[in-house]
Amino acid sequence: MDSIKTYLYKHRFELFIATQFFILFGSLFFPYDFFQLLLLPALFILNIASGILLVSKKKKTMWFLIILIVVAIIAFGSSLFIEVEKSEFTLMRLSVYFIFYIIVTLHTIEQVWHEKKVDKTVIIGLMSGYISLGFLAFFMLLSIELIEPDSFTGVLLDGQSLDVRFDSLMYYAYITLLTIGYGDIIPVTPIAQKAVVLIGLVGQFYVIIITSVVVAKYINVSVMKNSD
């Protein structure tokens, strides 16, 4: 049992980023309805499990996340029997994901930051941290759209159902994080505009600061090896 735990923890970043990639790009390989209804919920469960594995060395944080997820599961079960507005339940679920991803993302960045040796694990951790920022951006944008409808407009959103808007806002979160900006989605309310600016700044700070520090460590290690 201990050997399994050790193996899983050793590959924690690989497991986490794998679930992230499948959540983002799984619909490219499976029928859309099948993916959305069956695979996506399972992938989020696996993503949460791998996220808990990431913080498993910090017992208090790990148990906090476990309790948080249990509360979310209980709330989901209750919603099946108690009449709740879909938007209210979605907002509640987003709040749980948002808190979860804040904790996991900060812990991922902390682990990458403090690593002295830059290897495959650190590089994958660096990548998963950046992808996690995109998830946080998505949860933020979607929460804004639920609280203040029509905060975003554009050819991908106008006249679309809520489910389609979800996918479009996921796309927009990463486009904003990457500071690409095609103009097919536009923030039209003050809170949406400020959120978009914040996402762009955080994405740039991550690349400039976190990635630069990791690259600098890699260069220093390489120089020391060559000098020896």
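Arginine 12 lies over the face of tyrosine 9, 4.1 Å from the ring centre, and lysine 57 also lies over the face of tyrosine 9, at 4.8 Å. A charge counts as over a ring if NZ of Lys or CZ of Arg is within 6 Å of the ring centre and within 35 degrees of the ring normal. The model is predicted, with local features needing pLDDT of at least 70 and side-chain atom pairs pLDDT 80 or more, while totals for chains, interfaces and linings use all residues. Numbering runs from 1 along each chain as its sequence is written, and side-chain values use heavy atoms, without hydrogens and water.

There are 13 aromatic pairs (Phe, Tyr or six-membered Trp rings with centres within 6.5 Å; stacked under 30 degrees between planes, edge-to-face over 60, otherwise tilted). Tyrosine 130 and tyrosine 206 form a tilted pair, 5.5 Å centre to centre with 50° between the planes. Because tyrosine 130 belongs to helix 6 (residues 120-147) and tyrosine 206 to helix 8 (residues 190-227), this pair ties together parts 76 residues apart in sequence. Helices here are DSSP runs of H or I, at least four residues, numbered from the N terminus.

The largest nonpolar core has 58 residues, and Phe100, Phe135, Leu141 and Phe152 have the most contacts inside it. Such a core is a set of buried Ala, Val, Leu, Ile, Met, Phe, Trp, Tyr and Cys residues joined through side-chain atoms within 4.5 Å. Helix 6 gives the most to this core, with 15 residues.

Note on methods. Helices (H or I, at least four residues) and strands (E, at least two) are DSSP runs, numbered from the N terminus. Buried means under 20% relative accessible area, exposed over 50%, partly exposed in between (1.4 Å probe, protein chains only).
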